[in-house]
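Let's take a walk through this fold together, starting with how the strands line up and then working along to the loops and the packing. Keep the viewer open as you read.

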Amino acid sequence: MGVRPSRSFSNEELSEVSTSRAKRSAGREDHPSLSSAAERIRKHATVHFGYSTLSLAMRGLEEIPSELWELRELEKLNLSMNCLCVLPPTLGALDNLVVLNLWGNNLTSLPPEIGLLKKLRVLFASRNRLSEVPEELGSCSCLEVLSLANNQIRGLPGSLASMGNLTKLNLSHNHIAHIPTCVYSMRSLVFLHLACNRLETIADQIQDLVNLKILIVEGNCIHTLPKTLCFLESLELLNVDFNDLQSLPMEMYLLSRLGKLACHPLDKGLHIVHNPLLKPIQEVLQGGLGALYNYLRPS
C-alpha cells in the first residue's frame with residue numbers, strides 16, 4: 001500500500017483542540033463536539049506501509065489531548081521527545097497498536113493498562129525516568145522488540161518470562177545488579193543489551209538463550225564468565241569490554257562464529273581487550289582471536 005503524505009501537525013492545531021474542548025465544557029454549543037475534536041487529530045494520521053500511523057513527536061507536550069484515545073484504529077503512535085510525565089489509563093483503549101514510541105520523555109511509570117495492548121509488537125520507552133516495569137506488560141505476548149534503556153530500572157517482573165516472541169531486549173544504562181531471571185526464559189532473544197549497569201556475574205542459565213547472536217555487557221563489574229556462556233554457538237558479537245575480567249573460561253574456543261577480536265563498537269566479534277586480564281592472556285591477545293583460542297583449547 002502506498003504512503004499518503006502527512007501534513008505537519010503544529011502546536012497551534014493541538015492548542016485548537018484543547019481550546020475547543022475548554023469552550024465546550026463552558027457550555028458553548030457553537031463549538032466542536034468531542035468527536036469533532038478527535039477528527040482534528042485523526043486527519044493527521046497517515047497510512048504508512050499499510051499501518052495507520054500518527055506522530056506527535058517533538059511537540060513539547062506535557063499531557064496528551066484526551067481525544068487521542070478515541071482513535072482506536074491507530075496502529076503506530078509516536079509520542080517521543082515530549083515532556084510527558086504520565087500516561088493515562090485510557091492508553092489501553094488503543095488496542096490496535098502495533099508500535100508505541102515513548103522515547104525521550106519524563107515518564108516515571110507505565111500504566112497497568114498497557115497490558116491491554118495485546119497486538120503490541122514494538123515498545124520504545126528509553127530515556128525516561130522509569131524505576132520499574134508493570135507486571136501487566138507481560139500480557140503483551142506479541143512483543144518482539146522492547147527497549148527500556150537509559151532509565152532507573154533495577155529489575156523486571158517475572159511475568160515477562162511469558163514473552164516468547166521477544167527477539168530484541170535493550171536494558172542498557174540502568175541500575176541492574178543481576179540479569180532478571182525472566183530474561184533467561186526469553187528463548188527467542190537474538191539481541192540482548194545490558195551495557196552500563198551494575199552486573200557482577202552472569203548466571204549459568206545464560207545457556208538457555210540458544211538463539212542469541214548479540215550479547216553486550218560492557219561497562220559493568222563482571223569478574224568471571226560462566227563456561228555455559230561458551231555453549232551459545234550462535235553468538236556473532238560478544239562485548240565484555242570494560243569489566244573486571246582477569247581470566248576466561250577455557251571453553252571460549254567453542255564460540256567459533258565470533259570470528260575475530262573486535263575493537264570498533266559496531267564490529268562483530270569478541271570485544272574483550274579492555275579488561276585487567278592476567279598474563280599471558282594480554283600477550284596472547286596480540287595474536288588475535290585464533291591465538292587466544294589456541295591458547296585456551298585443551299592440548
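**Walking along the sheet**

Strand 2 and strand 3 (residues 76-78) run parallel to each other, paired over 3 bridges. Two strands count as paired if DSSP finds at least two bridges between them. Within this pair, T53 sits opposite K76 of strand 3.

Before going on, a word about what you're looking at: this is a predicted model, where local features need pLDDT of at least 70 and side-chain atom pairs count only at pLDDT 80 or more, while totals for chains, interfaces and linings use all residues. Residues are numbered from 1 along each chain as its sequence is written, and side-chain values use heavy atoms, with hydrogens and water left out.

Now step back to strand 1. It pairs with strand 2 (residues 51-55) in the antiparallel sense, over 3 bridges. Here V47 has S52 of strand 2 as its bridge partner. The hairpin made by strand 1 and strand 2 has 2 residues between the strands, and F49 in that hairpin takes a positive phi near 50°.

Zoom out and you'll find an open sheet of 11 strands, in the order 1-2-3-4-5-6-7-8-9-10-11, with mixed pairing. Its edges are strand 1 (46-48) and strand 11 (269-271), each pairing on one side only. From one strand to the next, the twist averages 10° (axes are lines fitted to C-alpha atoms, for helices over the stretch in contact, and angles run from 0 to 180 degrees between N-to-C directions). Further along the order, strand 5 (residues 122-124) and strand 6 (residues 145-147) pair in the parallel sense over 3 bridges. Look for L123 there, opposite L146 in strand 6.

**Between the strands**

Now for the loops. E73 is in the loop between strand 2 and strand 3. At 34% relative accessibility, E73 is partly exposed; that label covers what falls between buried (under 20% relative accessible area) and exposed (over 50%), using a 1.4 Å probe and protein chains only. D95 is 22 residues from E73 along the chain, and their C-alpha atoms are separated by 8.3 Å.

Moving on to strand 7, you'll find N170, which is buried with a relative accessible area of 16%. N170 and N150 are 20 residues apart in sequence, and 9.4 Å apart in space from C-alpha to C-alpha.

Which backbone angle is worth a look at H173? Its phi is positive, about 55°, although H173 is not a glycine. You'll find H173 in the loop between strand 7 (168-170) and strand 8, partly exposed at 37% relative accessibility. C196 also has a positive phi, near 55°, and is a residue other than glycine. C196 lies in the loop between strand 8 and strand 9 and is partly exposed, with a relative accessible area of 33%.

Is V240 buried or exposed? With a relative accessible area of 1%, V240 is buried. It lies in the loop between strand 10 and strand 11, and N275, 35 residues away in sequence, is 8.3 Å from V240, C-alpha to C-alpha.

**What's packed inside**

The largest nonpolar core has 81 residues, and those with the most contacts inside it are L68, L137 and L238. A nonpolar core here is a set of buried Ala, Val, Leu, Ile, Met, Phe, Trp, Tyr and Cys residues joined through side-chain atoms within 4.5 Å. Helix 2 (34-42), helix 3 (281-285) and helix 4 (288-296) each supply at least two residues of this core. Helix 4 gives the most, with 4 residues.
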